[in-house]
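Here are my notes on the model you sent. Please read them with the structure open.

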Amino acid sequence: KAAAGGAGLDCPWPLRVARRAATAAGNGTQRVVVHNLAISATCTGCVTAQIVPRLAALAPNASVVLFDYGINDADAHKAVYHQGNFRDLRGAATEVFIREILSMDRPPVIVVIEGRAPVGAHRAVATGYDLDVISYRDAIRALPVTASYSQRIRWTNTKMMSHPPATVHTALGDLIYAILSTRPGDCNEISAAPPPLPKLLFPADQRAMFPTCGMPLAFLTSAPPGTTPAGAEAMLGAPAAVGASWRFTAADAGDRADKFGWLGVKGKEGSSSADRISFRLEFSGLGFLAFEFLRSYAWDGRVSIIIDGKRPLLDLGSHWEDQSSQRVTNYLALGTSKNINVGHGRSKKLTNRHYVPGFRAGFHNVTFVLKGPPSSRFKLYTLLTC
């Protein structure tokens, strides 16, 4: 099985691989089953906490993970890569991501996919962990090309083109499918124990910026098309209470199938009960909570987060100045006064502003309350506890 992680469902190469596998299934020659867990507009550092739970829940027993964050990791402009005094955490994020997968009980093979210019941080980790790399760019540079074809691959020699054209995605999808479908045997039948993990490449204070959760107590997320009878409209888990201002939909996010989540649209002032959505989640004593939501230059929504009906613990906005709409993950540790991001790249450790005195392991209610102006929007995608 192959789990494609990286560019979104609307991006051609994962879809091309899936279509090739579906065609083979139709004529009885299928050797590849594709679980496309790709989420558009995310980066490696955006999903470290949920990558292992997503694999376990949506692609159990996957034997190959195709890793492609070449576009959104092309530079370090995302906030997750310049936390504290650090200015480029892409290498640490990549190592955390890769090491989490390789630490699973039956770790899949990881293949780094490069459809555009290579990302130095990805190459460094691929080399350090002895990972295979499929690079369309390197392959095409080694071939003679005609003048007309060179027009279609000119992006390989410029940094102006962030997304490879459709011709590249098509060729890359065919190449990946050919490699997977012609392997000598089923990867799931390999009984050899995985090799020991190599020495860590990046310092602990950098890796600590990317919390992980290999054994979640609660994991609520939208399921990709075809993974459940209801397809993309299914969610793994359900809220305990949903106000009239909230609905589970792909609306306001391009109507793309990987964009399903809980959308809140603020009602008129005074409609507080309608503006609430609550989840009853199991926690450990640490009280680790990760939640993924949408931030956009075009949005101005806000929410307050309330634990067990007490005073608001955190106010959060969906607006940012970056001219993009991206999925962002925030982390809270409710059961400890220590900050989970140890050090923050500074000489003095920061205290945990979101500590809830007396917090204990067990079930707790987590409520999101819309607080922005009427008609403002907030989109929630994933909730995860450890």
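1. **Overall make-up.** The protein chain has 8 helices and 16 strands. Both are DSSP runs numbered from the N terminus: helices are H or I over at least four residues, strands are E over at least two. This is a predicted model, in which local features need pLDDT of at least 70 and side-chain atom pairs count only at pLDDT 80 or more, while totals for chains, interfaces and linings use all residues. Residues are numbered from 1 along each chain as its sequence is written, and side-chain values use heavy atoms, with hydrogens and water left out.

2. Of the 386 residues of the protein chain, 52% are buried. Buried means under 20% relative accessible area, exposed over 50%, and partly exposed in between (1.4 Å probe, protein chains only). The accessible surface is about 17,800 Å², and 54% of that belongs to carbon and sulfur atoms. These areas come from the Shrake-Rupley method with a 1.4 Å probe; for residues, only the protein chains shown count as cover. Among contacts (heavy atoms within 4.5 Å) between residues at least 6 apart in sequence, 74% join residues at least 24 apart.

3. **The open sheet.** Five strands are ordered β7-β10-β15-β12-β13, with antiparallel pairing. Two strands pair if DSSP finds at least two bridges between them. β7 (241–242) and β13 (312–317) are the edges, each pairing on one side only. β10 (residues 276–283) and β15 (residues 362–370) share 8 bridges.

4. **Strand β12.** This strand (residues 302–307) has 5 of its 6 residues buried. On one side, 5 bridges join β12 to β13, and Val303 stands opposite Leu316. The two strands form a hairpin with 4 residues between them; Asp308 in the turn has a positive phi of about 55°. β12 also pairs with β15 over 5 bridges, antiparallel. There, Ile307 stands opposite Val366.

5. **Strand β9.** Because 4 of its 5 residues are buried, β9 is largely enclosed by the rest of the structure. It is joined to β8 by 4 antiparallel bridges, with Trp246 partnering Gly264. Another 4 bridges join β9 to β16 (residues 377–385), again antiparallel. In β16, Leu380 is the bridge partner of Trp262.

6. **Aromatic pairs.** There are 11 aromatic pairs. Rings of Phe, Tyr and Trp (its six-membered ring) pair if their centres lie within 6.5 Å; planes under 30 degrees apart are stacked, over 60 edge-to-face, and the rest tilted. Phe248 and Trp262 form a tilted pair, 5.3 Å centre to centre with 55° between the planes. Phe248 lies in β8 (residues 246–249) and Trp262 in β9 (residues 261–265), 14 residues apart. Both are buried. Elsewhere, ring pairs link Phe279, Phe291, Phe293, Phe368 and Phe378 into a cluster.

7. **Ser318.** Where does Ser318 lie? It is in the loop between β13 and β14 (325–333). Ser318 counts as buried because its relative accessibility is 0%. Its side chain reaches the backbone oxygen of Arg377 at 3.1 Å. Not counting residues up to four places away in sequence, Ser318 touches several residues, including Trp299, Asp300, Arg377 and Phe378.

Notes:
Polar contact = N/O pair within 3.5 Å; in protein donor to acceptor, adjacent residues only side chain to side chain.
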